Amino acid sequence: MFMKREDIEKEIEECIKKAKNFSNQGEVASYIPELKNVDENGFALSIVTTSGDIYNFGEKEKIFSVQSISKIFTLIMALKDNTTDEVFSKVGTEPTRYEFNSLIPIDQRAANPFINAGAMTTTSMIYGKSEEEKFNRVMELIKQMSDDGTFTFMENIYKSEISTTDRNRAIAYYLKSKNIFAQNADEVLDLYVRICSIGTNVESLAKLGALLANEGFDIHSSNLIIPQNIVQMTIAQMASCGMYEKSGEYLMKVGIPSKSGVGGAILGVVPNKCGICVYSPKLDKSGNSVVGKNLLKILSADLGLNIFL
Ligand code: DON
């Protein structure tokens with residue numbers, strides 16, 4: 001990005017306008033009852049470069065639940081707490097064509113860490129004496145990664161999901177039956193849902209993305225926060241598995257390793273350039289934000305962010 005700041009801003013605003021042409025498509029998630037209670041036209045975008053420039057648009061203070069974007073945090077935590085071999089003996093690294101909460105891609109283990117079964121597996125590998133300690137360690141990690149960004153626990157979202165999440169409960173018990181973890185299945189499920197219910201805004205997630213784009217080094221202090229091999233594995237899994245059963249098509253069209261969540265956000269990481277987070281809660285059938293994925297595609301082309309070009 002060698003343009004003047006105001007020219008970059010204008011360019012991004014044009015991209016936003018084009019992406020908003022898709023705002024009549026998709027639907028807000030409703031299988032978690034509380035997720036229905038959002039303004040379906042809510043929109044926010046944040047781009048944080050590895051040199052520390054921040055570009056914010058729309059409702060930058062808007063707090064939403066991270067949902068499956070948390071699968072990034074949980075994978076990183078599991079990889080910090082265990083060896084790579086330990087983690088990937090329990091969860092695979094392959095994309096799946098089945099939806100994120102399917103039981104089909106669990107053979108001997110879950111297909112990858114970014115479907116629900118895989119994230120429950122990595123959740124079970126977080127160290128801590130109590131559930132509270134494990135949750136707090138995740139919170140500390142993400143605050144550190146995003147330079148003390150805004151992160152809260154959205155109790156209303158947690159309660160809404162934990163009381164309705166029969167499919168995830170089935171997955172947790174199935175994993176337990178396969179000896180993927182030794183803990184009580186309800187405890188693993190509870191921690192998984194709590195971590196999905198972390199609330200934040202686009203800027204905090206984009207900052208966290210910028211740290212990944214910066215090979216794990218804090219963009220201001222240059223301190224190494226996440227070991228480079230963990231950063232590399234996380235970005236690789238975002239590229240191959242981050243957008244569920246649409247990961248291949250998305251990677252081909254957009255060319256930015258990304259992770260989506262049913263809360264309506266998508267986090268993209270462009271190595272050595274920037275972290276990008278877009279929020280727009282209307283989702284396609286796979287659970288990916290419609291305006292979000294289109295905006296990432298347009299930004300990728302307009303700003304030259306495609307990692308394959
Ligand atoms: O487990 C669930 O179903 C949600 N807590 C998270 C799913 C999710 O975000 C998948 N995203 N597109």
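Six charged residues, five nonpolar and three polar make up the lining of the largest pocket. In this predicted model, that pocket has a volume of about 240 Å³. Its lining comprises 14 residues, and those that lie nearest the centre are Glu249, Tyr250, Lys253, Lys293 and Asn294. Two elements, α11 (247-254) and α12 (290-303), each give two or more residues to this lining.

The ligand is found elsewhere in the description of voids: the space that the ligand takes is the second largest cavity. Around the ligand stand 13 residues, the closest being Tyr31, Gln67, Ser68, Tyr192 and Tyr244. Sorted by class, this shell has six nonpolar residues, six polar residues and one charged residue.

Which polar atoms of the protein face the ligand may be followed contact by contact. Tyr192, one of the closest residues, places a polar side-chain atom 2.6 Å from an oxygen atom of the ligand. The side chain of Asn116 has an N or O atom 3.1 Å from an oxygen atom of the ligand. At Gly287 the backbone takes part: one of its polar atoms is 3.1 Å from a nitrogen atom of the ligand. As for cover, the ligand on its own has 340 Å² of accessible area, and the protein covers 100% of it.

How values were computed:
Residues numbered from 1 in each chain as written. Predicted model: local features only at pLDDT ≥ 70, side-chain atom pairs only at ≥ 80, totals over all residues. Heavy atoms only, no water. Near = heavy atom within 4 Å. Polar contact = N/O pair within 3.5 Å; in protein donor to acceptor, adjacent residues only side chain to side chain. Areas by Shrake-Rupley, 256 points an atom, 1.4 Å probe, with all protein chains shown as cover. 1 Å grid on protein atoms, 1.4 Å probe; cavity = no way out; pocket = protein on both sides within 12 Å on 5 of 7 lines; lining within 4 Å. Sits in = over half its atoms within 2 Å of the grid points. Nonpolar A, V, L, I, M, F, W, Y, C, P; charged D, E, K, R; others polar. Points joined across faces, edges and corners; volume = space filled by probe spheres on them. Helix = DSSP H or I, 4+ residues; strand = E, 2+ residues; numbered from the N terminus.
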